[in-house]
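This report describes one protein model, beginning with a term used throughout and then moving from the overall fold to individual sites. Please consult the sequence and structure alongside the text.

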Amino acid sequence: MVCGGFACSKNALCALNVVYMLVGLLLIGVAAWGKGLGLVSSIHIIGGVIAVGVFLLLIAVAGLVGAVNHHQVLLFFILGVWLAMRFRNQKDPRANPSAFL
């Protein structure tokens with residue numbers, strides 16, 4: 001069969017979300033391992049890394065559920081979260097138009 005239909009998109013989204021889940025678990029594990037061995041002494045850094053790992057894990061689980069169940073609203077929500085993270089530090093082009101040319 002030709003890859004390009006809905007089944008291929010569904011499988012690609014599932015695989016991508018599984019990779020994101022593994023990265024989230026890896027972040028949580030490395031932070032706990034670094035704290036356990038005493039490699040990192042700052043609790044703020046450990047907490048931040050664990051928080052990012054948990055956030056990524058939750059978004060990946062929601063994406064996996066949305067891809068498997070064909071839940072369009074959940075997938076649009078995840079797309080909105082991704083767009084918000086992607087463009088959160090975008091500067092206003094009206095302030096300095098020559099910077100965007």
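## Terms and model

A residue is called buried when its relative accessible area is under 20%, exposed when that area is over 50%, and partly exposed in between. The model discussed here is predicted.

## Overall architecture

The secondary structure consists of 3 helices and 0 strands, and along the sequence the pattern reads α-α-α. The protein has 101 residues, of which 14% count as buried.

## Annotated transmembrane regions

An unreviewed UniProt entry assigns the feature "transmembrane region" to residues 12-33, 45-65 and 71-87. In the model, residues 12-33 are 100% helix and 0% strand, and the end C-alpha atoms of this span are 31 Å apart. For residues 71-87, the composition is 88% helix and 0% strand, with 25 Å between the end C-alpha atoms.

## Nonpolar surface patch

Seen from the surface, F55, F76, L79, W82, L83, M85 and F87 make a nonpolar patch of about 700 Å². Helix α3, which covers residues 72-86, gives the most to this patch, with 5 residues.

M85 is located in helix α3.

## The largest pocket

The largest pocket holds about 450 Å³ of space. Its lining comprises 15 residues, and those closest to the pocket centre are N17, Y20, I59, I78 and W82. Two or more lining residues come from each of α1 (6-37), α2 (43-68) and α3. Which helix supplies the largest share of this lining? That helix is α3, with 6 residues.

## V18 in helix α1

V18 belongs to helix α1. Because its relative accessibility is 37%, V18 counts as partly exposed. V18 and G63 are 45 residues apart along the chain, while their C-alpha atoms are separated by 9.3 Å.

## H70 in the loop between α2 and α3

H70 is placed in the loop that lies between α2 and α3. With a relative accessible area of 46%, H70 is partly exposed. From H70 to K10 the C-alpha distance is 8.3 Å, although the two residues are 60 residues apart in sequence.

The backbone of H70 also deserves attention. Most residues other than glycine have a negative phi. H70 is not a glycine, yet its phi is positive, at about 55°.

Note on methods:
Residues numbered from 1 in each chain as written. Predicted model: local features only at pLDDT ≥ 70, side-chain atom pairs only at ≥ 80, totals over all residues. Heavy atoms only, no water. Patch = residues over 30% accessible without salt bridge, like charges linked within 9 Å, V, L, I, M, F, W, Y side chains within 5 Å. Areas by Shrake-Rupley, 256 points an atom, 1.4 Å probe, with all protein chains shown as cover. Salt bridge = Lys/Arg side-chain N within 4 Å of Asp/Glu carboxyl O. Helix = DSSP H or I, 4+ residues; strand = E, 2+ residues; numbered from the N terminus. UniProt positions renumbered as here; feature names shortened; annotations may be inferred. 1 Å grid on protein atoms, 1.4 Å probe; cavity = no way out; pocket = protein on both sides within 12 Å on 5 of 7 lines; lining within 4 Å. Points joined across faces, edges and corners; volume = space filled by probe spheres on them. Buried < 20%, exposed > 50% of the residue type's maximum accessible area, 1.4 Å probe, protein only.
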